[in-house]
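Dear colleague,

Please find below the structure that I promised to hand over, followed by some notes on what was found in it.

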Amino acid sequence: MNEMSNKWIGKRTIRPDGVDKVTGRAAFAADTTMPGMIWGKVLRSPHAHAIIKSIDTSKAEALQGVKAVVTAADIVDFPVDTPYPLGIQDMRWMCRNVMARERALWHGHAIAAVAAMSEAIAEEACALIEVEYEVLPHAIEIDDALADDAPILHPWMEFNGKPSNIAGTLEHTKGDVEAGFAEADVIVEGEFTTRPVHQGYIEPHACLVSTAADGKMTIWSSSQGQFMVRAMTSLLTGIPQSDIRAIPAEIGGGFGGKTIIYLEPLAAVLSKKSGRPVKMAMTREEVMRASGPTSGSKSKIKIGAKKDGSITAIEGLYWLQAGGLPGAPVRGAVGCALAPYDIPNGHTFGYDVVCNRSKVAAYRAPGAPIGAFGVECLLDELAEKLEMDPLDLRLKNAAQEGTKAVHGPTYPLMGYVESLEAAKAHDHYKAPLDRTKFQGRGVASGFWFNAGGESSAQVNITEDGNVVVTTGHPDIGGSRAGIANICAELLGIDYNRVSVLIGDTATIGFSNLTGGSRVLFASSMVVTESTRKVIRTLCELAAKIWDIDPDAVIWEDGEARPAGDNAGQFDPLSLEELASRANESGGPIGAGTQLNTTGAEGGFGTHICDVEVDTELGIVRVLRYTVLMDVGRAIHPAYVEGQMQGGAVQAIGWALNEEYVYDKDGKVDNPSFLDYRMPVASDLPMIDTYIIEIPNPKHPQGVRGVGEVPLVPGLSAVRNAVYDALGIRFNDLPLSPPRVLAAMGEMKQAAE
Amino acid sequence: MTDTQYLAPATLDEAVSAFASANGAARILAGGTDLLVQMQAGVVKPGLIVDVKKIGELTSVEETADGGFIVGAAVSGAKLEKHPNFGRVWPGALEGLNLIGSTQVQGRASFGGNLCNGSPAADSVPGLVAAGAVATIQGPNGRREMPVEDIPAGPGKTNLAPGEIVVSFTFPPRPAHSGDAYLRMIPRTEMDIAVVGCGVNLTMDGNTCTAARVALGAVAPTVRRVPDAEAALIGSTLDDAAIEAAAAACCAACSPINDKRGTIAYRTQVAGVLLKRTTAIAAERAKA
Amino acid sequence: MAKIHVTTTINGEPEEFLCDPAETMLDVLRNRLGLTGAKEGCATGDCGACSITLDGTLVCSCLMLAAEAEGHEIGTIEGMADGDHLHPLQQKFLEMAALQCGICTPGFLIAAKALLEENPDPTETEVRFWLAGNLCRCTGYDKIIRAVMDTAAEMREAAQ
């Protein structure tokens with residue numbers, strides 16, 4: 001760390017891809033075209049749950065302008081009894097997610113797809129596909145799916161020896177919670193629900209796939225990982241990975257929702273069959289009906305504590321909706337729920353429950369906000385019972401270096417306590433509230449695992465002495481700028497001399513997803529390693545020119561210098577000079593690194609939220625919001641703040657208005673931005689940020705992940721603020737106006 | 001595929017003739033902010049689109065000699081907002097129009113389109129009804145006038161005869177000490193469809209209310225005038241008792257549905273709250 | 001179906017195209033004219049990513065028929081910079097990191113430019129309400145609002 005002069009690290013540089021993005025030049029997935037390109041459309045299930053008895057595509061194929069049709073028969077089948085994990089997914093479920101196989105499991109599930117000369121012809125052809133369905137009863141909500149007479153989505157799925165919609169469970173235990181509750185002076189408990197919410201990226205899923213006559217395939221698509229696109233498309237189509245080149249288009253938001261694929265394998269088969277480049281793009285309605293939100297949940301939480309506030313035990317039971325195929329983020333819920341606290345006894349247990357909704361996908365700290373919600377709400381209640389400040393209660397029990405977490409690890413140096421102390425000291429926490437206007441304040445904390453994993457980078461010195469860095473991670477939030485800051489810092493050169501590109505699967509080594517808050521953490525490790533190798537090469541070149549020992553050359557301020565007087569008297573050699581003389585020794589200068597990175601460690605944050613409630617209309621407005629968080633090291637503070645602000649606002653949306661409304665037929669009734677109600681600019685105040693930097697000792701620049709933690713505390717911070725304003729404990733989200741007004745009515749009735 | 005034709009006639013006669021001869025397969029294009037959404041969703045596949053924005057009478061704003069206004073049915077909210085006098089005289093009617101959708105939508109959306117789309121939640125319609133605006137309508141059988149409140153017939157339906165086009169809205173001359181206002185309840189601050197909308201138009205004589213028109217949106221199959229609320233306000237000093245009575249009349253006038261945007265109970269309760277708030281603003285403006 | 005011939009002006013240059021009668025301006029810009037800076041986020045006027053100006057008025061190009069462009073002037077993000085000289089809003093968005101993924105950015109810039117042309121000294125509340133039809137899921141709007149306010153202040157100063 002201290003080797004840094006910090007000329008660029010910590011600076012608000014202009015991102016390398018910035019000008020393209022403010023001028024409309026940046027090419028997102030739907031922006032690319034190819035000569036001879038045709039259009040693909042998907043036929044989707046009109047039923048929430050149905051057996052697919054037959055599909056007849058003959059009329060569609062006969063329509064003028066139709067070039068190819070794909071059904072599940074064209075997609076590689078992964079038998080349900082043989083697990084086939086790929087990252088956080090399982091190909092058994094992915095093959096059924098991209099195309100319904102035995103059954104349509106939700107309204108909007110893909111049944112077939114057509115490629116034709118125009119989108120309109122493809123749509124018309126879809127309507128000509130004859131599908132015979134045997135419609136089955138459906139289960140939308142968790143309780144529907146767990147009822148004794150619930151329709152069973154997967155006949156082969158059993159739990160405790162009986163057919164069930166429970167796909168799996170996961171638990172963490174530390175100590176003995178029963179003994180802990182027995183020791184408690186105070187016990188608080190409650191039942192909570194959160195609703196499924198969509199990631200809400202503004203760019204719908206889209207791709208363009210071109211297949212040559214020799215079978216070589218190029219995919220342009222918007223995803224959180226071109227290598228994931230390549231691997232999944234290969235597995236689902238049987239085309240070898242070496243024949244697929246997946247090019248990462250600029251991505252218009254993902255938040256986890258683009259860590260899986262929907263259209264690419266369909267377009268791949270259509271392109272192969274038709275011999276034409278095929279473009280596919282979802283409509284917003286398709287995104288809302290068929291792509292993955294995060295789970296809805298219910299939970300039962302119980303906390304016991306001594307009079308002095310020390311927690312003796314916490315127990316949390318969770319049920320998370322997976323959608324039609326297994327894979328709810330149970331791990332995030334049961335793993336993160338208790339992670340901020342140093343408690344002797346803890347137990348969390350979660351169920352993965354299938355129901356007739358679109359299969360969930362990752363959403364920013366998947367499962368963690370669900371896990372934290374009930375716990376952070378009950379801590380608020382506990383603080384009130386103990387007459388303690390809610391931040392003091394958290395401080396009393398805060399995890400710190402050396403704490404053995406309920407979910408397993410023993411924590412290294414990290415800054416959770418600092419986030420609480422900063423919150424307590426913050427102006428916001430001391431600012432007065434106008435109680436006559438039903439204003440209230442809430443706080444909450446949260447944790448996310450963060451992730452390391454595979455990354456690759458290549459750092460090349462150009463012949464004119466500048467730098468091109470290639471990494472393998474789609475840049476969603478400015479990571480190229482962070483990489484350029486680090487590389488410029490290490491090389492001691494001007495930031496603008498470093499160009500950062502995202503390589504495709506053919507031009508850079510394997511790099512895992514842009515997800516898990518891992519991109520800057522992992523890619524800066526491989527970029528640092530590569531840059532150091534380059535510096536070593538540059539020093540060796542200078543040594544050769546000077547005819548001295550390479551160890552007698554140091555790299556400083558963008559030039560090679562003799563290490564000291566003993567090394568000899570030579571004029572420094574700049575990067576430009578060395579680049580121009582590269583062929584005098586060894587040739588082109590560049591280095592690559594491929595690593596499976598470790599040491600990401602977890603991240604913690606605390607939020608303060610002020611609200612005002614219109615008690616006649618039930619409307620909750622956020623007045624002020626502050627996000628405090630240990631980010632390790634803010635390589636590019638503006639984009640760190642951006643993560644903190646964006647995450648908080650997604651939490652505000654989740655807490656206040658976002659939810660899916662289903663009709664009685666199991667169909668989403670609000671598949672549009674109009675009625676899904678994500679926060680708009682006029683709903684919000686500025687989002688204040690407070691960056692705490694406790695460098696991660698396991699990272700060369702001290703980086704910790706920052707992308708996901710900022711969503712985790714928000715649901716409870718908003719809800720606790722509403723309690724403070726109204727004195728009503730809402731345990732069910734969202735806090736939409738009808739729900740708030742109804743609860744106020746009940747309170748009034750009870751008072752009368 | 002259904003072939004769609006597009007026509008942008010320069011005269012009203014041409015428009016009426018084309019519209020009428022399409023026998024129901026045609027749609028009028030004013031701002032298009034509803035029509036294009038419906039086409040995108042596949043709900044509507046018009047055989048003919050008649051763009052009326054090249055017709056002067058539909059796109060102009062005229063002040064009459066007696067102090068009234070004639071606003072073309074296709075005049076956008078953005079254009080009407082820039083009119084030097086309309087918003088001063090009819091702030092509530094303008095508010096309703098300019099609560100439709102985003103700034104982008106307001107660049108296109110019009111009174112005529114909003115009314116003829118037939119949504120019970122149409123933001124601009126309660127203000128028109130409260131204002132006592134009268135629609136001028138032209139059809140194959142000539143021209144006629146119709147009070148705005150008589151036009152909506154139910155969700156997506158109007159009482160216009162086949163082939164008829166709404167040409168303009170006539171706002172009556174304004175007595176001194178008059179004011180109007182429109183408020184709606186939405187969960188967010190913008191971009192939502194009204195869960196309840198309320199337009200109030202008052203004339204005051206000192207502290208006494210001498211004339212009142214009240215209209216509610218999104219609480220019944222059509223935008224609804226509320227005569228009982230008007231009666232409660234007229235002759236009163238807008239005292240608490242009168243306001244409470246008017247609010248109660250608004251709640252009683254509701255026959256809403258439960259849907260994704262609100263519940264029966266919520267809408268009914270909110271109608272009364274909005275009456276109070278909207279009346280307060282209208283009264284303030286009337287007294288100013 | 002018979003196509004319509006449209007003569008219009010785009011970013012100050014005369015332009016002609018053929019379109020289907022029911023084709024939107026957005027689809028023509030993106031698919032026929034290669035102007036992909038306007039994005040489709042919803043196609044229903046709810047996200048503002050396709051914002052353009054029509055005779056200087058801010059509109060959603062997804063809610064406009066291409067045929068309606070006849071005789072009018074269209075402004076898109078591709079016409080916002082003057083050669084390699086960025087508009088002050090574009091420059092400020094870069095400096096203040098008012099974009100993350102960037103998909104909503106062209107729409108925000110077009111909308112913000114229309115705002116400042118109409119109101120060079122907007123309050124924060126006015127900026128927020130004017131931009132309420134432009135959805136951003138990444139930034140929480142904070143840096144976007146600040147960038148617009150800062151640009152407005154700088155442009156006022158420069159105009160003095």
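In this predicted model, α3(C) and α5(C) are oblique to each other, because they pack at an angle of about 40°, with axes 11 Å apart. Oblique covers whatever is left once angles under 35 degrees are called roughly parallel, over 145 roughly antiparallel and 65 to 115 roughly perpendicular; the axes are lines fitted to C-alpha atoms, for helices over the stretch in contact, and angles run from 0 to 180 degrees between N-to-C directions. Helices here are DSSP runs of H or I with at least four residues, numbered from the N terminus. The contact is made by C:Phe108, C:Ala112 and C:Leu116 on α3(C), and by C:Ile144, C:Val148, C:Thr151, C:Ala152 and C:Met155 on α5(C), where contact asks for C-beta atoms, placed from the backbone, within 7 Å. Seven of these residues are nonpolar, one is polar and none is charged (Ala, Val, Leu, Ile, Met, Phe, Trp, Tyr, Cys and Pro count as nonpolar, Asp, Glu, Lys and Arg as charged, and the others, Gly among them, as polar).

Between chains C and A, the contact takes 42 residues from each chain, and α2(C) gives the most to the side of chain C, with four residues. That side has 23 nonpolar, ten polar and nine charged residues.

Chain B touches chain A through 16 residues, which meet 19 of chain A, and helix α12 (residues 264-287) of chain B gives the most to its side, with four residues.

Residues are numbered from 1 along each chain as its sequence is written, and chains are lettered from A and ligands numbered from 1 in the order in which they are written. Local features need pLDDT of at least 70 and side-chain atom pairs count only at pLDDT 80 or more, while totals for chains, interfaces and linings use all residues.

Best regards

Conventions: Contact = placed C-beta atoms within 7 Å. Helix = DSSP H or I, 4+ residues; strand = E, 2+ residues; numbered from the N terminus.
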